[in-house]
Amino acid sequence: MKRTIRARKAVERMRPYYPPLEGRFGKVRLDFNENPLGCSPAVRRALAKLGADAISMYPEQGSVRAKMAKALGVRTGELLLTNGTDEALHLLVQTFVDAGERVLLAEPTYAMYRFYAELAGARIETLRYGAASEIPMPAILAALRRRPRLFFLANPNSPTGHLASYAQLRRILKAAPRTIIVVDEAYHEFSDMTVLPWLRRYGNLVVTRTFSKAAGMAGLRLGCIFAQEGLAAQMRKAQSPYPVNVAALAAAEAALGDRAFIARTIRETRRGRAHLERGLARLGIRYFPSAGNFVLAQFGERAGEIVTALAKQRVLVRDRSSDFGGEGYVRITLGTTRQARRFLRELERILPRKPIPRTFR
Ligand SMILES: Cc1ncc(COP(=O)(O)O)c(C=O)c1O
């Protein structure tokens, strides 16, 4: 067999990560925490108005960045726009972590933290959320004493939906002034909580956000990083010159002007959540209380089979078994009440065949 040219050692060591991203059009998509309502009509109008001039030029992001900074109460120099939060995470690791340096994670959490840390050849230190999905504070404080370069914390966390409190975040930020504490606020709109106003208080705080979730723009890829100007300038130095395309910029400006769409999304999500939680409880399925637009439920040994059977009925949910060492967890995005009803109806058809083993802790 012909030998192919080898990749970097860090890449060779990585397990491939291929989320099931194809063939989702037209199905009930409760698998990627997108917005089931779509996006704001103002976003679609802004995209329709994009002229040949704008499309044929390299994108200019200055005015959108300034408007966004103003809307969110930060200085322009404290904000970077990125190609989705994913680019933000990559950029953070690229800017601050050399091969062999420590990156701290509490798992289960968003898979791309580990992905980019592994890609950089970082030394990954992993803690685990507790059995009731609570944040492992003593272990985090102990691990921070070893001065990792970065600590990634999703708040609310995915897939558990757990929300760390202000007091816990304050303790973490104070415990490790030399560690960059990344608070990923991808789902903050659903939680009523943000640490963005703390930016000037803590030099080690980085907040990331996305337009993929509440704003319903996952297809356009737009995220942002907030940090004090010194840190932000270093990241800008490591970033490519045109990370965000002109369509995403036009859409962002329109999305910022339509707060009503976000408010409607939050209302619908809450209604969908109440419906789904009641249905799961009725079926005797354990789930974690969630501050995000998704719920993690425990199906035990039948998780894989249930996810496959639902997919056959065109209802997509996410099997997260591997996150917990095969304990049978499934993450369900909160869609509309109608979608939650459809999910429960299909689930009830599948479930009676065999009981769910009571393996709950
Ligand atoms: C916690 C968290 N952060 C970031 C992202 C990705 O955001 P983006 O689409 O902006 O890359 C996700 C997506 O699922 C997520 O769950």
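Select helix α7 (residues 137-144), which lies across β3 (102-107), β4, β5 (150-154) and β6 (180-184) and runs at about 160° to β4. Helices (H or I, at least four residues) and strands (E, at least two) are DSSP runs, numbered from the N terminus. Contact means heavy atoms within 4.5 Å. Axes are lines fitted to C-alpha atoms, for helices over the stretch in contact, and angles run from 0 to 180 degrees between N-to-C directions.

Before going further, note that this is a predicted model, in which local features need pLDDT of at least 70, side-chain atom pairs count only at pLDDT 80 or more, and totals for chains, interfaces and linings use all residues. Residues are numbered from 1 along each chain as its sequence is written, and side-chain values use heavy atoms, with hydrogens and water left out.

Next, select helix α4 (residues 62-72): it lies across β2, β7 and β8, and runs at about 120° to β2.

**Second stop: the seven-stranded sheet**

In what order do the 7 strands of the open sheet run? The order is β2-β8-β7-β6-β5-β3-β4, and the pairing is mixed. The edge strands, each pairing on one side only, are β2 (79-82) and β4 (123-128). From one strand to the next, the twist averages 20°. Two strands pair if DSSP finds at least two bridges between them. Strands of a sheet pair through backbone hydrogen bonds, either parallel or antiparallel.

Both senses can be inspected here. Strands β3 and β4 pair in the parallel sense over 6 bridges, and L105 stands opposite T126 in β4. Follow the chain from β3 through helix α6 (residues 111-119) to β4: this β-α-β crossover is right-handed (with the strands pointing away from the viewer, the path from the first strand over the helix to the second runs clockwise). By contrast, β7 (residues 205-210) and β8 (residues 223-226) run antiparallel and are joined by 4 bridges. T210 has G223 in β8 opposite it.

An N or O atom in the side chain of T210 is 2.5 Å from an oxygen atom of the ligand. A backbone N or O atom of T85 lies 2.6 Å from a ligand oxygen atom, and a polar backbone atom of D86 is 3.0 Å from an oxygen atom of the ligand.

Select D86 itself, in helix α5 (residues 84-96). D86 counts as buried because its relative accessibility is 18%; buried means under 20% relative accessible area, exposed over 50%, partly exposed in between (1.4 Å probe, protein chains only). Not counting residues up to four places away in sequence, D86 touches Y110, M112, Y116 and R221.

Select Q239, in the loop between α9 (229-238) and α10 (246-256). Is Q239 buried or exposed? At 14% relative accessibility, Q239 counts as buried. Leaving aside its neighbours within four places in sequence, Q239 is in contact with L80, L81, T82, E87 and L91. Its side chain reaches the backbone oxygen of L81 at 3.0 Å.

Then select S158, in the loop between β5 and α8 (166-175). S158 is buried, with a relative accessible area of 6%. Apart from residues up to four places away in sequence, S158 touches N33, P108, T109, Y110, Y187, F294 and R331. The side chains of S158 and R331 make a polar contact (3.0 Å); a polar contact is a pair of N or O atoms within 3.5 Å, and within protein, one must be able to donate a hydrogen and the other to accept it, while residues adjacent in sequence count only if both atoms are side-chain atoms.

Display the open sheet of 5 strands, whose order is β1-β11-β12-β10-β9, with mixed pairing. Its edge strands are β1 (28-30) and β9 (286-287), each pairing on one side only. Strand β9 pairs with β10 (residues 294-298) in the antiparallel sense over 2 bridges, and R286 has Q298 as its bridge partner in β10. Helix α11 (residues 259-282) packs on the sheet, touching β9, β10 and β12 (329-333), and its direction makes about 5° with that of β10. Lastly, select helix α12 (residues 303-312), which lies across β11 (315-319) and β12 and runs at about 155° to β11.
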